[in-house]
Amino acid sequence: MTAPPFAQGHKLSTLTGVRHGFFGRRGGVSTGIYKSLNIGQGSDDDARNIRDNRNRIRDAMGAEKLLSCFQVHSAKTVTVTEPWHTRPQADGMVTNVPGLALCVLSADCVPILFADNEAGVIGAAHAGWKGALAGICEATLDAMEALGANRDAIQTAIGPAIQQDSYEVGPEFRDTFVGEQEWTDRLFKAGRDDRSHFDLTGFVEETLSRAGIRDIDNLGHDTCAMAETYFSNRRRNHAGEPDYGRNGSVIVLDK
């Protein structure tokens, strides 16, 4: 069986003792609108296909377990010490346990992977606009530091997500962001009528920088535009499809 393909952040790929990958829709067994590497446990795909796809990613990362949260667009994080049977409701995970792969699901939201390989601490976060604005980036960094990570040594990678040209929003969306953080006004560019295009990955990158992170890779892959490579919720809405698959972003400490 051929391992599914994945993208990587340049800085994270240079670290010893850490493996990571941003997986899209290629290399799995699902069919139809879920073709082919759908790992979304909340989707209506066949559970056996989802399990097979997740196992393929687990094996590609050389992990013992692949763990995902029940994501709720929050700033809540969990510290992972052992595999779980029931997914916790959270959008960030951190661990210092080798072999436990942290997996964020996304289909336009921003996946972020974190690593301090000197301290042996990793993290993963799912940043939709609500979670990003609520502080999921900062909460994940705080949780890593609680395990002994040094913020100055943490390297990060922002994975495939909806990019500005694909992310059209209304005036109320803009008002929400600018009302809470005035500096975000520059992340909006004019669209048709009263609409704007928002740079969500740019917001995440700037948030990480303001939180003290110096090493940030931003892949710049547009999930909505790259239909052959990634799942996208916005694209499925445009197409009128009933459901959508989820991409997986994974990081694990070597055993």
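Predicted model: local features only at pLDDT ≥ 70, side-chain atom pairs only at ≥ 80, totals over all residues.
Visitor: How many bridges join β2 to β14, and in which sense do they run?

Guide: Six bridges join them, and the two strands run antiparallel. Residues are numbered from 1 along each chain as its sequence is written, and side-chain values use heavy atoms, leaving out hydrogens and water.

Visitor: What makes two strands a pair?

Guide: DSSP must find at least two bridges between them. Strands are DSSP runs of E, at least two residues long; helices are runs of H or I, at least four; both are numbered from the N terminus. β1 and β2 (residues 18-23) have two bridges, antiparallel, so they meet the definition. A7 has F22 of β2 as its bridge partner. β6 and β14 have five bridges, also antiparallel.

Visitor: Why is one side of β1 and of β3 left without a neighbour in the sheet?

Guide: The open sheet has five strands, in the order β1-β2-β14-β6-β3, with mixed pairing. β1 (6-7) and β3 (65-67) stand at the edges with a single partner strand each, so one side of each has no neighbour in the sheet.

Visitor: How do you know that β14 is largely enclosed?

Guide: Buried means under 20% relative accessible area, exposed over 50%, partly exposed in between (1.4 Å probe, protein chains only). Seven of the seven residues of β14 are buried, so the rest of the structure largely encloses this strand. Both faces are covered: N247, S249, I251 and L253 on one side, G248, V250 and V252 on the other. In a regular strand, side chains alternate between the two faces of the sheet.

Visitor: Why are α4 and α6 called oblique to each other?

Guide: Axes are lines fitted to C-alpha atoms, for helices over the stretch in contact; angles run from 0 to 180 degrees between N-to-C directions. Under 35 degrees is roughly parallel, over 145 roughly antiparallel, 65 to 115 roughly perpendicular, and the rest oblique. α4 (residues 136-146) and α6 (residues 200-210) cross at roughly 40°, their axes coming within 9 Å. The pair is therefore oblique.

Visitor: Which residues make the contact?

Guide: C137, E138 and L141 of α4 meet V204, T207 and L208 of α6. Contact means heavy atoms within 4.5 Å.

Visitor: Why does T207 count as buried?

Guide: T207 has 7% relative accessibility, so it passes the test for buried.
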